[in-house]
Amino acid sequence: MGWLWAIIVGFVLGLLAKAIIPGKQHSPLWLTTIFGMLGAVAGNAIARALGVEVTSGIDWSRHVFQLIAAIIIVALGDMLYMATLGKRKQRA
């Protein structure tokens, strides 16, 4: 059940990040989901490092860190995806 939640959260975070980033992102949906999952893991680590690991009620600060991390990872991952895709198209 843990992997299912990780995929769902990664999917939602990846889509939110794509919606927030200006312009068009070219990475496929499966890669965006993986970027979102990485953003969730990185956001949790940042929240834990800053001492907001456990709060009463909904962990809004942890979710904000996850979203910020997902935005950064989706933006960088999309740039890397386009850089490798562009090199592949030039060879053909």
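I take a salt bridge to be a side-chain nitrogen of Lys or Arg within 4 Å of a carboxyl oxygen of Asp or Glu. For charge, I count Lys and Arg as positive and Asp and Glu as negative, leaving out His and the chain ends.

The model is predicted, so I note its terms: local features need pLDDT of at least 70, side-chain atom pairs count only at pLDDT 80 or more, and totals for chains, interfaces and linings use all residues. Residues are numbered from 1 along each chain as its sequence is written, and side-chain values use heavy atoms, without hydrogens and water.

Entry 1, the fold. I find three helices and zero strands (DSSP runs, H or I of at least four residues for helices, E of at least two for strands, numbered from the N terminus). The C-alpha trace spans about 55 × 25 × 20 Å along its principal axes.

I looked up the share of buried residues (under 20% relative accessible area, 1.4 Å probe, protein chains only): 27% of the 92 residues.

I place D78 in helix α3. D78 is buried yet has no salt bridge, and the nearest side chain of opposite charge, K18, is 6.0 Å away. Beyond neighbours within four places in sequence, D78 is in contact (heavy atoms within 4.5 Å) with K24, Q25, H26, S27 and F35.

Technical notes. Buried means under 20% relative accessible area, exposed over 50%, partly exposed in between (1.4 Å probe, protein chains only).
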